[in-house]
Amino acid sequence: MLDFIPPIDILLQLLINGVLFGTMYGIAAIGLSLIFGTMRIVFIAQGTMIILAAYGSFWLFNLWSVNPYVSILIVVPASLIVGSGLYQVLFRKVAREGQFPTLLIAFGLMALLENLMSVVFSADARAIQTSYAAYALTFMGLKISFTRLMAFVMAVAGTVGVAFFLKKTLLGKAVRAASENLEYAMLVGITPHMVNTLTFAIGIGLAGLAGVATATAYAFDPFSGFVFSLKAMIALALGGMGNVVGALLGGLLLGVIEAFGAFFLSGGWADVISYAVFLLVLMFKPEGLFASGTSAKP
Amino acid sequence: MANPLLNVVDLNVFHGEAQALWDISFQIQAGEVFAIIGSNGAGKSTILKTLAGLLRPSAGRVEFLGSRIDGRSAARIVDLGLALVPEGRGLFSGLTVAENLELGAFTKRARPLMKQTMEEMAATFQIIRIRSDQLAGKMSGGEQQMLAIAKALMSKPRLLMLDEPSLGLAPLVVKTVFEIIATLKQQGVTILLVEQNIHQALRIADHACVIKTGRITLVGTGKELLSDPEIHKAYMGSLR
């Protein structure tokens, strides 16, 4: 009667694969969550920023043999600078104009970067080929890809770092305060541009970290970012807007749903299930499964 | 008379197309309590929001410690020493009591003194000592008002502006709030108080003005206005 249920080791392997892949959605979702939480900007270019950072890590490795994990020290600071620059140049003036103009700007940025990367780097799929790229740890018969495990560790470290920043530092508390009530935040001396610049920098900094993780563990091309952004939004819907830990958990849950969906049905069904879950959660639990409210929380 | 701490001259403010304030002028001396009284929608909160930098005047000027501050950002104004406790209390409900107080000292001027000021607030407000880890949004209205005043004091204000501090509070709590205002006055804190509880406000105020549909209609000492028959007739008949 229960013949369709595979052995426990296969179920565990699916769970591990789903969790490892889901962290990529999760870390992308955290960046989106921070930016939306403080500025109400749906930054649909977040996935494309991840791919841009992945190219950064890829070329650092291919041109100058910089170890991809060492490239974090270059890619993440560069992403922080790019993030604050993007806010100043593209969003500062229109941040108060509402969500539609900012969504259009984010969409335009995504299209621009996708095509620019396609022209400059070609549309070929890329992946960093290190000596340890195919290495897998074996534990109780379960295989865990080393690079995917490292991607998971990087995502968790990024989440913990952002949660620590929001919870323990005065600037982090200022970001939480501004995302809860901007007018009240201004009355204690917090300037919207300071908070927005900081949030954008951190959001794109996380994209940098996710980019390195992507380049080491997965294949990517200039157009992979859009799907990343969509999946990050589903993770956000699952985890709840403005909740950092919830966003990561939402990503993990989405990864697991996809892994099981692809196994029990087929690869094509994984996306169908993802988007169906997205709609169901928005219809029946729009505040997300793990959070309440829309302000930035650790 | 000494130079005023705050000098408001011919202030005009619009809400979109509609004019909310007409030629508002008054002065506040250091160390005094100045009350602005008037009915709902008269423009009292608009005055405070303009002084705090949340609204831009279309005409007129605001001088604080002899320098013009109209047109400056809210962040710059609080750093100069004007702190506003707005009508909704201005607390961050998802943050703890301690976190709210820390953010109260966010300005460059107040930040180095944060620890010391926090200890002073804990000595003054019992609620801060015992509830520092509680979320501000989970406190009672009276407790929130105490916290809101303490949060504003964390910025080491030269002028504390309170917008309807007694609004929505039980009579016993209102009494406590006014006792705190009286204590602050004794400590030399300059206070600009906006209240609908006119009797209490005028009793504590050194000077006050009455505002009606965006215009100042009466100015005087608290005592003078308290005994003014027009004030009694218009505002206090049903409030006393």
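**Exercise 1.** Is I191(B) buried or exposed? Decide this, and then describe the surroundings of the residue.

Solution. This is a predicted model, in which local features need pLDDT of at least 70 and side-chain atom pairs count only at pLDDT 80 or more, while totals for chains, interfaces and linings use all residues. Residues are numbered from 1 along each chain as its sequence is written, and chains are lettered from A and ligands numbered from 1 in the order in which they are written. The cut-offs come next: a residue is buried if 20 or more other C-beta atoms, placed from the backbone, lie within 10 Å of its own, exposed if 12 or fewer do, and partly exposed in between. I191(B) has 23 other C-beta atoms within 10 Å and is therefore buried. The residue sits in strand β8 of chain B, where helices (H or I, at least four residues) and strands (E, at least two) are DSSP runs numbered from the N terminus. Leaving aside residues up to four places away in sequence, I191(B) touches V33(B), L160(B), L162(B), I181(B), L184(B) and K185(B), a contact being a pair whose C-beta atoms, placed from the backbone, lie within 7 Å. Finally, although I191(B) and G31(B) are 160 residues apart along the chain, their C-alpha atoms are separated by 7.6 Å.

**Exercise 2.** Find how strand β3 of chain B is enclosed, and which strands pair with it.

Solution. Begin with burial: β3(B) covers residues 33-37, and because five of its five residues are buried, the strand is largely enclosed by the rest of the structure. In a regular strand the side chains alternate between the two faces of the sheet. In β3(B), V33(B), A35(B) and I37(B) point one way, whereas F34(B) and I36(B) point the other way. Now turn to pairing, for which DSSP must find at least two bridges between two strands. With β8(B), residues 190-195, the strand β3(B) pairs in the parallel sense over five bridges, and I37(B) has E195(B) as its bridge partner there. With β9(B), residues 207-212, β3(B) also runs parallel, joined by four bridges, and the partner of A35(B) in β9(B) is A208(B).

**Exercise 3.** Which elements of chain B each supply at least two residues to the side that touches chain A?

Solution. Count the residues involved: 21 residues of chain B are in contact with 18 residues of chain A. On the chain B side, α2 (74-80) and α3 (97-104) each supply at least two residues. Sorted by class, that side has eleven nonpolar, seven polar and three charged residues, where Ala, Val, Leu, Ile, Met, Phe, Trp, Tyr, Cys and Pro count as nonpolar, Asp, Glu, Lys and Arg as charged, and the others, Gly among them, as polar. For the complex, the predictor gives an ipTM of 0.93 and a pTM of 0.90.

**Exercise 4.** Describe the make-up and burial of each chain.

Solution. Chain B has ten helices and ten strands, and 47% of its 240 residues count as buried. Chain A has eleven helices and two strands, and buried residues make up 50% of its 298 residues. The C-alpha atoms fill a box of roughly 45 × 40 × 40 Å in chain B and of roughly 60 × 50 × 35 Å in chain A, taken along the principal axes in each case.

Conventions
Contact = placed C-beta atoms within 7 Å.
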